[in-house]
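Have the sequence and the model at hand while reading.

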Amino acid sequence: RPLIIATSLVHSKLDYCKSLYLNLPSYELDRLQYIQNSLARAVTRSSRFSHVSPTLKSLHRLTVRARILYKTISLTYKVIESSQPLYLHSLLNLQQSRTTRSSNLVTLQRPSILSRNKIMDRSFSYSAPKLWNSLPPSLRMPSSSNTSSPHRHLALSHQSFHSNLKTHLFTTSHPSDIPKEKPHPPLKPPK
């Protein structure tokens, strides 16, 4: 019981304003990851020297970086689907359909003016389109045109989108332990 309380207290502090942690320097994120790793070891009573990745995976916890991405992409989804909050909606523009392979996906337009300031790369208007457009196509599929809601842009419901997003981020932050079959080397032409 005390571990549940400790977990909820620590994770609420880690999750507080996590969208502001986007694109922080690695050494800053590593400090937050260290806290999460220590908590995971305490919950599972693992050795301080044991590798923490299997522990985080068994607890179904995203890494700190993945949690930050989840929050930012989740907020982007909300803005696309509901046009709320207005102050964020004004920062995002849906890209008009073109005749490209990805034109059938919901894509966000990147800002036309790129900044040399690293702090600008952390802003929502710069990072949200970049993150959104890097999602797999299955998460960015548009809704059918005959839907009942005129504001609905995406095919996935709120719950389905967030479930699939977490699965995507979980698999990228905790790659499978099963080694993938190596491709066969290319055949050499006979001499």
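Asp-15 is partly exposed, at 26% relative accessible area; buried means under 20%, exposed over 50%, and partly exposed in between (1.4 Å probe, protein chains only). The model is predicted: local features need pLDDT of at least 70 and side-chain atom pairs count only at pLDDT 80 or more, while totals for chains, interfaces and linings use all residues. Residues are numbered from 1 along each chain as its sequence is written, and side-chain values use heavy atoms, with hydrogens and water left out.

Asp-15 forms a salt bridge with Arg-67, with the closest N and O atoms 2.6 Å apart; a salt bridge is a side-chain nitrogen of Lys or Arg within 4 Å of a carboxyl oxygen of Asp or Glu. This pair links distant parts of the chain, since Asp-15 is in helix H1 (residues 2–15) and Arg-67 is in helix H4, 52 residues apart. Helices are DSSP runs (H or I, at least four residues), numbered from the N terminus. Arg-67 is buried at 9%.

Asp-15 also meets Lys-18 in a salt bridge (3.3 Å, N to O).

## The nonpolar core

The largest nonpolar core has 28 residues. Such a core is a set of buried Ala, Val, Leu, Ile, Met, Phe, Trp, Tyr and Cys residues joined through side-chain atoms within 4.5 Å. Helix H4 gives the most to this core, with seven residues.

Conventions
Helix = DSSP H or I, 4+ residues; strand = E, 2+ residues; numbered from the N terminus.
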